[in-house]
Amino acid sequence: MLVTERLILRTPQPADRPALYAMWADPVAMKDLGPVKTAEQSDAALARHASYGPDLGFQSVVRRADNAVIGFCGLKIAGDDTPVANDLEAGWMIARAHWRQGYALEAMRAVLDWGWRNTAAPRVVAITAGCNEKSRSVMDRLGMIHKPALDFRHDKFAPDDPRADAVVYVLDRSEA
């Protein structure tokens, strides 16, 4: 568990599911990320992150003021279907009602601090669709650098889907 000024990042609990399901089912929130998820797909995502072990995987983002679950974030090992396979990959999603309040940045700064203290990773990467300006802005504010040579067409999207054009940002340990 990580605690920041306004947030608690912790292992997802069964009681978190309705808030996470609602976030993943929101077509506006998912517009730049992928198709909306059903409850079954949301459960599969939670199970996948739990399988990364006790130290990795995404956490529920809980607002301390009222214990509301407002998002999901963390670190995982980048997939083999990316040019950064086996790198430590950062990711986040904040529910739309909580956008533009600095929660993603606050949560990810805590996650990155944890990552530098608890892993030997030489760098942390982040991947998103080139059209996802909100996530790219967070990456910039985290000090991550866009590496166009690593950009790729993500095969989890249809070839004509603009989200298939993935961009890769990198934060080297020496620059953190």
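Contacts across the sequence come first. Take the pairs in the protein chain that touch and lie at least 6 residues apart in sequence: 62% of these contacts join residues at least 24 apart. The model is a predicted one, and every value here is computed from it.

Next, the elements. The protein chain has 5 helices and 9 strands. Read from the N terminus, they run β-β-α-α-α-β-β-β-α-β-α-β-β-β. The radius of gyration is 15 Å, close to the 16 Å that the globule rule gives for 176 residues, so the protein chain is as compact as a globular protein of that length. Along its principal axes, the C-alpha trace spans about 45 × 40 × 30 Å.

Now the inside and the surface. Of the 176 residues in the protein chain, 50% are buried.

Charge is the next topic. The protein chain carries 22 positive and 23 negative charges. The mean position of the positive charges and that of the negative charges are 4 Å apart.

Last, the cysteines. The structure holds 0 disulfides. Is Cys73 buried or exposed? Its relative accessibility is 1%, and buried means under 20%, so Cys73 counts as buried. Cys131 has a relative accessibility of 34%.

Technical notes: Residues are numbered from 1 along each chain as its sequence is written. This is a predicted model: local features need pLDDT of at least 70, side-chain atom pairs count only at pLDDT 80 or more; totals for chains, interfaces and linings use all residues. Side-chain values use heavy atoms; hydrogens and water are left out. Helices (H or I, at least four residues) and strands (E, at least two) are DSSP runs, numbered from the N terminus. The radius of gyration is taken over C-alpha atoms; the globule rule is 2.2 Å times the number of residues to the power 0.38. Buried means under 20% relative accessible area, exposed over 50%, partly exposed in between (1.4 Å probe, protein chains only). Contact means heavy atoms within 4.5 Å. Lys and Arg count as positive and Asp and Glu as negative; His and the chain ends are not counted. The place of a charge is taken as NZ of Lys, CZ of Arg, CG of Asp or CD of Glu. A disulfide is a pair of cysteine sulfur atoms within 2.5 Å.
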